[in-house]
Amino acid sequence: MLLILLVVLGYLAARFAVDWLARHALVVSGAEYLVLGLLLGPRGTELLTPLQLEGLAPFFTLAIGWMGVSLGFQFWLPVLTRTPGILFRLAFVEALLTMGLVGGAAWLLLAGVPIGTGPLDPVTAALPATILGAIATTSSLAGARIAAKSLGRRNLAVRQLEVAASIDALVAVVAVAVALAAFHLPVNVLVREPTSTEWMVIAMAVGLVGGWLFHLFLGNERSPDRLFIAVAGAVVLTTGAANYIGMSALLPGFLLGFILVNTSRQREVVGNLLVRVDRPLYFLMLVSAGALWSPSATDVFLPLLAFLALRLVGKVGGAWLAARVNGVIDAFGPRWGLALVGQGGLAIAIALDYSLARSEVMSDLVFTAALASVLLTDLFSARLARDVVASLPEDVQLPEDARPAEVPA
Amino acid sequence: MRRIIVLALLFGAMRLIEPLGRTGGSPDALLTFGFLILAAYAAGELSARAGQPKIIGYLIAGVLAGPTVLGSVTASAALRLSPVSGLAIALIAFLAGAELDLEEVKSRGKALLRLTVVELAVGVVALFGMALALRQWIPFLADTDLQRQILFALLFALIAVMHSPAIVMAILTETRAKGPAARATLAVVLLSEVVVVLLFSLLLGAAQRLLPGTGEPSGGVLLVIWEIAGSVPIGAALGLAVAFALRVVHEDRFVFALLAAMLGQQVAHLLHVEVLLTLLVAGFVAVNLARGDDGDKLRHSMEQAAGPVFVVFFALAGVAIDVPAAVSLGIVVVPMVLVRLLALRFGVQLGARGMDLEPAQRAALWQGLAAQAGVAIGLVGIVAEAYPEAAVSMRALLLAFIAVNGTLGPILFRRGLERAGELTTRSGDTGELPALATGETPAADGQAG
């Protein structure tokens, strides 16, 4: 009972500390849930034993898949087609530069420097390096939203940040899927081992079939009860299938979400259902991540610092370069990438997903990098985003040649 | 037709994906879970179209997918999903307690208790006699002395007389029935749960002293009494905490109820008290003592979100049914089921004398008591600790017995409610109808998740 009391007090203290920070210092974080996980886990009160955490694995796998669906749900075509193409170009360049810089540096480091059990062979090192690159690419939408809310602005700069965060997520999700397909473990029971391309196709097919089943299952029904069953069933089935075949649940979930938002007649109801379930699952994922975290300061301190520094360079430098190459540096300013420094739950989801799929290849390092980066950047990401948006004029205008062409009547 | 295609596709998809698994073995828990949700719900819709309760469809989907028929859900996958099933039953108990109205308990409590005791007594006597009469075909009675025959037959009768709060709640939630028969059935089912578990614990405690079995003693009478008596204050404390917390919880009430049920389940395990009774009391206290309309809102949220919980619970219950074993025990099970139904009918007629119930409502009441589900299996587990020599065959017989009653009961109860004029949905309705407690439409609160 004393342990339970300690856990509750620890959680409440963290919760109030985070609430206070959120109010006074514009901090966005789920840190209290990570702290709770640490307190409950094998390194805390041991209320959550490794065996129990293993039993919880289906739930946090579901949280990962659900997050993928929520990401895909952001890609509603009618809104995307109204968005100027230049915003996507900027976002893709920034995302790919960050991914390349961090992933490349991580590969050099993991293949060349003895960390933990020693340097990995160059081929094996590509797997954790790609995952670290994907984690570095992710950005949180929360910073942009808080900036927009606190400044009362809803302009092109805020939209650029939203597009960049969504494209960052897309690039990261695809990179994780490609990495896990390329390094897929043998299955043995098939006549021949599927190739990496075939694994990618299978993973995508799982998401597409999930979306198709949703429609077939639902028909023209409008009852919220049935909608919930259809959505939950499709997400659980898709996530479970992806997990079962040893692939990340993020890409199939993403495709399912994309199908749901673009083909469902009850888009808003489905969106509300996703948000309602997303929140508790996200908290469960944070608690599990906290419990599963095994920090090892001596081994990973320097690589971690390098990861954080390179990510910052990738985000700020990549965004600057993207704006400069596309001739919009005057519109968004040279440091708009600072608003993308914040990281959300997707980084933790990728790290958790990776440690579940391939725990033997540097998963501790990947996990620690993701959690430390999320905890650290969430402390000031909203403030940075607000400063960036505040420094730009209220009516941000694209140069003449970057504006979308008028559609003739 | 679309539902049948969906079912066929789901079973086909499971077959297709099976060889792609990492271990090459059985599909993992999450995949199985997703498959069961969709397959059971599609089967439930088919059942509703056929004018039967949806839970029949959920059960049948579970049976078909289970290890003894098509094998889409293996025994190990079902075992990994048992925490989900445990949570579902905890939530159902919480909801069942929340449906009890304090005023009604005050005004009709004595009459309901008398009815419960009478129908249980008639049922136990009838089943006890039947078990002894058929003892040569019942393995756990055939090869033992008379004293143990009487003890085992009595334990069997006490377990076999139990009802199913989960099935009653599922039917009431599905049909939105809220007349006198519906309310009385729910109250009797919940009261009988307490009475049977208490009697069972006392009988087992006494029997272990008089006729020790080959297993370890289960801890004595005081411990089993604590399991029951301790549930009330612990459930009440949890209910009070929930009622207090409802003052600040204004959104996502279903998620809050889910967390409360999880907490109650864990606390009950830690303190060695009855999980179901603890959550039943917690639900009752929380809703009846909450400030203003907080309790009604919580109940309403739970009712709206109960559908998926029932799908999961009954599909998993179906998976656990061993069809070949049930068929092989048919010679004993069929007469016992018939005797139990007759005993229920007679017991309710006798116990409900003096109550303000019409003949059709009394018929609906005994038909509502016919259903059985997995709670009884938990009691066989306790018998197994003390008398392992009898438990295996007793469990097999009870599983077959419950499989028949669990399938027959919902059909009878729905029909009874229909004849008593208490149904507010017709067969195959889509469910866009007033909710049980407040009369609002399901979309009003938007708490489906």
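Here is a friendly conversation about how a few features of this predicted model get their labels.

Trainee: What should I keep in mind about the numbering and the model?

Mentor: Residues count from 1 along each chain as its sequence is written, and chains are lettered from A and ligands numbered from 1 in the order in which they are written. In this predicted model, local features need pLDDT of at least 70, side-chain atom pairs count only at pLDDT 80 or more, totals for chains, interfaces and linings use all residues, and side-chain values use heavy atoms, leaving out hydrogens and water.

Trainee: What makes Lys315(A) and Glu94(A) a salt bridge?

Mentor: The term needs a side-chain nitrogen of Lys or Arg within 4 Å of a carboxyl oxygen of Asp or Glu. Here the N to O distance is 2.8 Å, so the pair qualifies. Lys315(A) sits in helix H13 of chain A and Glu94(A) in helix H5 of chain A, so the bridge ties together parts 221 residues apart in sequence. Helices here are DSSP runs (H or I, at least four residues), numbered from the N terminus.

Trainee: Why is Lys315(A) called buried?

Mentor: Buried means under 20% relative accessible area, exposed over 50%, and partly exposed in between (1.4 Å probe, protein chains only). Lys315(A) has 0% relative accessibility, so it counts as buried. Glu94(A), also at 0%, counts as buried.

Trainee: And which label does Leu321(A) get?

Mentor: Leu321(A) has 35% relative accessibility, so it counts as partly exposed. This residue is found in helix H13 of chain A.

Trainee: How do you know that H18(B) is roughly antiparallel to H20(B)?

Mentor: The axes of helix H18 (residues 359-368) of chain B and helix H20 (residues 388-419) of chain B come within 8 Å and cross at roughly 165°. That angle makes H18(B) roughly antiparallel to H20(B). Axes are lines fitted to C-alpha atoms, for helices over the stretch in contact, and angles run from 0 to 180 degrees between N-to-C directions. Angles under 35 degrees count as roughly parallel, over 145 as roughly antiparallel, 65 to 115 as roughly perpendicular and the rest as oblique.

Trainee: Why is H8(A) called oblique to H9(A)?

Mentor: Helix H8 (residues 156-182) of chain A and helix H9 (residues 196-218) of chain A pack at about 130°, with axes 8 Å apart. That angle makes H8(A) oblique to H9(A).

Trainee: What separates Arg159(A) and Glu162(A) along helix H8 of chain A?

Mentor: About one helical turn, because they are three residues apart in that helix. Their side chains meet in a salt bridge (3.2 Å, N to O).

Note on methods:
Helix = DSSP H or I, 4+ residues; strand = E, 2+ residues; numbered from the N terminus.
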